[in-house]
Amino acid sequence: MSCPRCAAVVYVRAPRSLEKTSAYVAAAAILYIPANVLPVMHSSSLLVSQDDTILSGVVYLVRSGSWPLGLLVFFASVMVPLLKILALGLLVWTSARRSRAHMLARARLYRVVEFIGRWSMLDIFAVTLLVALVRMGRVASVLPGPGALAFATVVVLTLLAAHSFDPRLIWDAADAND
Amino acid sequence: MNQALSTTKLVCPQCDLLALPASLRADEVSRCPRCGVELDRGTHASREAALAIAAAAAQLWILMNVFPLVSLSLAGTRRQTTLSGAVVALATHGMPALAVLVFLTAVVVPGAEIALAFYVLGRLQSLARAGALGRLVRWFRTLRRWSMVDVFMLGCLVSIVKLAHLADLVVGPALWACAALLPVLAFLGLYVRPQKLFAGSNGG
């Protein structure tokens, strides 16, 4: 059945929403570890060469005096994906159990997850610019590390997970006994 | 299509509640009484204003992609990069997948979003008559989900701060254009919505 106005396929509920969301969340959770453990960036100069993970990048920002930015990156790159994974996991679990507890809070949680997800791409764009700018051969250069790819995948997976979750499932328990 | 507002009902997209739509003044927001999701937002804007905004967005997008983002001076060498140059750098340094993702979210999707807004606003009446309007607005929403100009802007700021300690940096025109594009895109999203466009196409 499709909408007469915009031709979108209309479902009572998004098909297999909980299964799809669970799959995306599980995959994101698995990749979250290499994303934070593997280096996202490899910088080298004549004297020293170092690998940077997301966390070491945060530490660098804090130590060099830009602690607000360090806090921002920590929140956007470390906390947000983790919280999204946990929040979506909770949403899937409570919806599957048809829980009637705190439905409004859960609906709000979903909206926060939806809104905030894209900001985790922050570090990816930062690495992109660094790689492009610091290209002076052996004098100074920055290369992207495998952690960046893992991290980007985690962000994309959590975005897909949030989109595949049908928030109407939260309220189904309310309508069931009316 | 031309139903009186009082007989048209809305279904909340996030909790399935039936509600009656409200006519909103500018700066008013209507929310679902049960789950609180925003249903509609009032705005003064006219179709002409939205078209002008879309034109501004298009120009800013072009500036953002043509000019350099930042230029860096280190050890006597000056280097600068455009957005596409940065994408190519990622690709040639062993991360083509990442390059594609950045290219899509920072260049292609925002560009498509603007082009689509232009097209829809420019041909609003004929599209509405042909019944093609809804589909295009749905596409616009999908594009907006993957348009990350604002995150890109902040990412650039982070890397600028990281580099500022080590080298001489000059912010390029592309980054200013990017900053200017943010409120413009926000406004565009306010107008290119089903609630606004279908009301507009009926009333003109």
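The legends below walk through several close-up views of a predicted two-chain model.

In this predicted model, local features need pLDDT of at least 70 and side-chain atom pairs count only at pLDDT 80 or more, while totals for chains, interfaces and linings use all residues. Residues are numbered from 1 along each chain as its sequence is written, and chains are lettered from A in the order in which they are written.

**View 1. Chain A as a whole, with seven helices and four strands.**
Helices (H or I, at least four residues) and strands (E, at least two) are DSSP runs, numbered from the N terminus. Starting at that end, the elements of chain A follow the order α-β-β-α-α-α-α-β-β-α-α. The C-alpha trace spans about 70 × 35 × 25 Å along its principal axes. Chain A has a radius of gyration of 20 Å, whereas a compact globule of 178 residues would have one near 16 Å. That radius is taken over C-alpha atoms, and the globule rule is 2.2 Å times the number of residues to the power 0.38. In chain A, 43% of the 178 residues count as buried. Here a residue is buried if 20 or more other C-beta atoms lie within 10 Å of its own, exposed if 12 or fewer, and partly exposed in between, with C-beta atoms placed from the backbone.

**View 2. The open sheet of chain A, with strand order β2-β1-β4-β3.**
The four strands pair in the antiparallel sense, and two strands count as paired if DSSP finds at least two bridges between them. At the edges sit β2 and β3 (135–136) of chain A, each pairing on one side only. Let's start with β1 (residues 41–45) and β2 (residues 49–52) of chain A, which are joined by four bridges and form a hairpin with three residues between them. Which residue in β2(A) is the bridge partner of His42(A)? The partner is Asp51(A). Five bridges join β1(A) to β4 (residues 140–144) of chain A, and Met41(A) stands opposite Pro144(A) in β4(A). β4(A) also pairs with β3(A), over two bridges, where Arg135(A) stands opposite Ser141(A).

**View 3. Chain B and its two domains.**
Chain B contains eight helices and seven strands, and its C-alpha atoms fill a box of roughly 70 × 35 × 30 Å along the principal axes. Domain 1 covers 1–42 and domain 2 covers 46–203; these bounds come from an automatic or database domain assignment. Taken over C-alpha atoms, the centres of the two domains are 30 Å apart. Buried residues account for 29% of the 204 residues in chain B.

**View 4. The contact between chains A and B.**
Chain B brings 43 residues to this contact and chain A brings 39 residues; two residues are in contact if their C-beta atoms, placed from the backbone, lie within 7 Å. On the chain B side, the elements that each supply at least two residues include α2 (83–92), α3 (96–122) and α6 (149–164). α6(B) gives the most, with ten residues. By class, the side of chain B that touches chain A has 26 nonpolar, twelve polar and five charged residues. Ala, Val, Leu, Ile, Met, Phe, Trp, Tyr, Cys and Pro count as nonpolar, Asp, Glu, Lys and Arg as charged, and the others, Gly among them, as polar.

**View 5. The largest nonpolar core, with 104 residues.**
A nonpolar core is a set of buried Ala, Val, Leu, Ile, Met, Phe, Trp, Tyr and Cys residues joined through C-beta atoms within 7 Å. Among the residues with the most contacts inside this one are Leu88(A), Phe125(A), Ala57(B) and Leu188(B). Helix α6 (residues 146–164) of chain A provides the largest share of the core, eleven residues. Domain 1 and domain 2 of chain B each contribute at least three residues. Take a look at Phe125(A): leaving aside its neighbours within four places in sequence, Phe125(A) is in contact with Val102(B), Ala106(B), Val151(B), Phe152(B), Gly155(B) and Cys156(B).

Most residues other than glycine have a negative phi. Is Arg16(A) buried or exposed? Arg16(A) counts as exposed because it has 12 C-beta neighbours inside 10 Å. Asp16(B) has 20 other C-beta atoms within 10 Å, so it is buried.
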